[in-house]
Amino acid sequence: MAPYHSGQRVAVLADAQNLYHSAHSLFSRNVDYAAVLERAVNDRELVRAIAYVIRAHSPDEERFFEALDDIGFETKIKDLKTFEDGTKKADWDVGLSLDSITLASHVDSIVLCTGDGDFTRLCWHLRHEGVRVEVMSFEPSTAEDLIDAADSFVNLGEEEFLL
């Protein structure tokens with residue numbers, strides 16, 4: 001495990017869709033992204049904070065995107081796709097993974113704010129490259145393999161991370 005120290009350069013990558021659905025299904029509340037970012041950085045040097053969001057053309061989403069910007073997140077926005085059969089799809093798995101791999105040579109630690117087990121292999125790869133990987137998400141909805149693959153885990157189910 002790569003050690004934690006205050007001089008580290010850190011990148012924070014937040015899967016906003018995953019966090020939103022977890023917070024709502026478990027607590028019927030919203031995520032306090034300012035508290036998440038503060039805890040993720042934890043007195044280290046923030047190199048980049050990215051929130052991956054989906055544009056579903058719902059009320060107040062633009063205000064949410066602006067709030068993320070104000071907090072310090074760069075927002076990457078993908079439109080929700082609706083297929084002919086009515087199914088909808090939008091995810092950032094590939095984009096978040098590519099950004100993580102690209103940032104790995106510029107940081108000491110990457111904080112993945114997601115509980116999605118699809119990122120387990122990414123964690124192992126980043127750690128193999130010498131990057132400390134930290135996961136922050138809601139424990140009941142986080143893949144156990146993802147927790148095991150990370151150097152550390154923070155449960156966002158604490159009051160300080162919820163609005």
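Predicted model: local features only at pLDDT ≥ 70, side-chain atom pairs only at ≥ 80, totals over all residues.
**Exercise 1.** Find the salt-bridge partner of Arg 29 and state which parts of the chain the pair ties together.

*Solution.* The side chain of Arg 29 meets that of Glu 159 in a salt bridge, with an N to O distance of 2.7 Å. Arg 29 lies in the loop between H1 and H2, and Glu 159 in the segment after strand S8 (152-155), so the pair links parts 130 residues apart in sequence. Arg 29 counts as partly exposed at 24% relative accessibility, whereas Glu 159 is exposed at 55%.

**Exercise 2.** Locate the salt bridges of Glu 74 and Asp 99, and place their partners in the secondary structure.

*Solution.* Start with Glu 74, which pairs with Arg 48; their closest N and O atoms are 2.9 Å apart. Glu 74 belongs to strand S3 (residues 74-79) and Arg 48 to strand S2, so this bridge ties together parts 26 residues apart in sequence. Both count as partly exposed, Glu 74 with a relative accessible area of 30% and Arg 48 at 31% relative accessibility.

Next, Asp 99 forms a salt bridge with Lys 76, with 2.8 Å between the closest N and O atoms. Asp 99 is in helix H4 (residues 93-103) and Lys 76 in strand S3, so the pair ties together parts 23 residues apart in sequence. Asp 99 is buried, with a relative accessible area of 16%.

**Exercise 3.** Which residues touch the most other members of the largest nonpolar core, and which element supplies its largest share?

*Solution.* The core has 27 residues, and Val 12, Phe 73, Cys 113 and Met 136 touch the most other members. Elements that each supply at least two residues include strand S1 (9-15), helix H1 (16-27) and strand S6 (109-113). The largest share, six residues, comes from H2.

**Exercise 4.** Describe the backbone and exposure of Ser 28 and Asn 42.

*Solution.* Although not a glycine, Ser 28 has a positive phi of about 55 degrees. Ser 28 sits in the loop between H1 and H2 and counts as exposed at 61% relative accessibility. Asn 42, also not a glycine, has a positive phi of about 50 degrees. Asn 42 is in the loop between H2 and S2 and counts as partly exposed at 32%.

Definitions and conventions. Residues numbered from 1 in each chain as written. Heavy atoms only, no water. Core = buried A, V, L, I, M, F, W, Y, C linked by side-chain atoms within 4.5 Å. Buried < 20%, exposed > 50% of the residue type's maximum accessible area, 1.4 Å probe, protein only. Helix = DSSP H or I, 4+ residues; strand = E, 2+ residues; numbered from the N terminus. Salt bridge = Lys/Arg side-chain N within 4 Å of Asp/Glu carboxyl O.
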